[in-house]
Structures are given as structure tokens and as C-alpha cells.
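Please look over the sequence and the structure first, and then read the points below alongside them.

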Amino acid sequence: MAGGGGTEAFPDLGEHCQNPDCKLLDFLPFTCDGCKLVFCLEHRSYKSHSCPKSDHGSRTVSICETCSIAIETTGFDEEGIKSLLEKHERSGDCDPNKKKKPICPVKRCKEILTFMNNLTCKDCGIKFCLKHRFPADHVCNKKTITTARTSSRWNERFMEALSLRNEKGCGRGSSVSSRSPPSVRSF
């Protein structure tokens, strides 16, 4: 057999898993971006093959205790991280008022609004948690009521126009005058 894997008929097809306990011939192998070795589906994660370079390309972040802002600290040791946080506090960007996170405005709802779990109501323009995103789930302002009235008026006008159209003979099943030629010919 060839060096990487394969079968007698197709020696270049697939590779063997490089986990010492597995050695499975995998036709869709995964190459680890840390250690650059080839693994099967079961052993492709860093943890499953105990990758020595699992933090290769990773980023680290420290959170400011004053304003809760995230500061990237990739490549810094503990002293460097400490000096970065002190520099941030002296910069003037560190505002303790920013620490308070927004919560859902519905009474008795304590859900903190993050970038992933909130939606803005189309009617009132206020951000709510996913549980209270529909106008029926939060007390929407009067704009919702006027929108409902407008849509019901639109439906009434549509039905009126439809009935007038049917009276004039434009609808299905109506009798069309034999004197006027058809507006569309069919072949």
C-alpha cells in the first residue's frame, strides 16, 4: 500500500487516522490546523486527539471590572494584562455607567438584552427579549392599534373593489357580453 492510505485498487484514496489507538482508513479525513496531523471524524477535535497546539491562533480577552468592556490580551502575560487594564482605566473610555446592561422593558421581566436575544418591535420601535417580541406579548403603544384599524380598512376597500369587479363581469363565472371581443385571445 502507499504511504498515506487507500486500498489496493485506489492507493491514493483516503488516509489513515493518526491517532495511535484508531488508525481507521478515512476517505474524508480532517487535517488538524494545530498539529497538522490527519484524523478521522471521531478524533478531529483538539480534545479527542490531545492536540499539543490547540491554542494555536487563539485569542484571549480580559473584562474590565469597572465598565464590563472586553479588552483583547492575546500574547500578554499576567503583568502585561494588568498594565493594559490600568491603561484602559486611565484612558477616559472606562465609564462605570456602561456596566449596567439593558434589560427587557416588560414589567417583571429581568432578561438581559444581548446582541443575540433581542428584537425591535416593528410597531413601537422598542427592543424586547425574544419571549416578549410580539406586540401581543408586550403592551405596544397606540401605533399598533392604528395599524390594525388601517389594515382592516384596507381589507374592506379590497373586498369592495373585488365585488365591483365581479359586478362588471371581470370575474370568473360571470357572463361576458357577446358583442365585445375578448381582451385576450387563447390559442
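A residue counts as exposed when its relative accessible area is over 50%, and as buried when that value is under 20%. Ser 50, with a relative accessible area of 60%, is therefore exposed. The model is a predicted one, and its mean pLDDT is 78, with 78% of the residues of the protein reaching 70 or more.

**Overall make-up**

- The protein contains 2 helices and 8 strands, and along the sequence these elements follow the pattern β-β-β-β-β-β-α-β-β-α.
- The protein has 187 residues, of which 21% count as buried.
- Its accessible surface amounts to about 15,500 Å², and carbon and sulfur atoms make up 55% of that area.
- Among the contacts with a separation of 6 or more, 11% are between residues 24 or more positions apart.

**Confidence along the chain**

- Confidence is highest in strand E4, at 94, and lowest in helix H2, which covers residues 142-167 and has a mean of 64.
- Over residues 144-148 the pLDDT is below 50, and this stretch has 3 contacts in the model beyond near neighbours in sequence.
- Residues 173-178 likewise have a pLDDT under 50, and the model gives them 3 contacts beyond four places in sequence.

**Nonpolar cores**

- The largest nonpolar core has 9 residues in all, namely Cys 104, Val 106, Cys 109, Leu 113, Cys 121, Cys 124, Phe 128, Cys 129 and Cys 140.
- Within the largest core, Cys 109 touches Ile 103, Cys 104, Cys 129 and His 132, when residues up to four places away in sequence are not counted.

- Leu 113 is found in the loop that runs between helix H1 (78-90) and strand E7 (118-120).
- Is Leu 113 buried or exposed? Its relative accessible area is 12%, which is under the 20% cut-off, so Leu 113 is buried.
- Leaving aside residues up to four places away in sequence, Leu 113 touches Pro 102, Ile 103, Cys 104, Asn 118, Lys 127, Phe 128 and Cys 129.
- Leu 113 and Cys 129 are 16 residues apart along the chain, and their C-alpha atoms are separated by 6.3 Å.

- Phe 10, Leu 13, Phe 27 and Leu 28 make a nonpolar surface patch of about 450 Å².
- Leu 28, one of these residues, has its place in the loop between strand E2 (25-26) and strand E3 (30-31), and it counts as exposed because its relative accessible area of 68% is over 50%.

**Two residues with a positive phi**

- Most residues other than glycine have a negative phi.
- Lys 36, although it is not a glycine, has a positive phi of about 65 degrees; this residue is found in the loop between strands E3 and E4 (38-39), and at 57% relative accessibility it counts as exposed.
- Ser 50, also a residue other than glycine, has a positive phi near 50 degrees, and it lies in the loop between strand E4 and strand E5 (61-63).

Definitions and conventions:
Residues numbered from 1 in each chain as written. Predicted model: local features only at pLDDT ≥ 70, side-chain atom pairs only at ≥ 80, totals over all residues. Heavy atoms only, no water. Core = buried A, V, L, I, M, F, W, Y, C linked by side-chain atoms within 4.5 Å. Buried < 20%, exposed > 50% of the residue type's maximum accessible area, 1.4 Å probe, protein only. Contact = heavy atoms within 4.5 Å. Helix = DSSP H or I, 4+ residues; strand = E, 2+ residues; numbered from the N terminus. Patch = residues over 30% accessible without salt bridge, like charges linked within 9 Å, V, L, I, M, F, W, Y side chains within 5 Å. Areas by Shrake-Rupley, 256 points an atom, 1.4 Å probe, with all protein chains shown as cover. Salt bridge = Lys/Arg side-chain N within 4 Å of Asp/Glu carboxyl O. pLDDT = per-residue confidence, 0-100.
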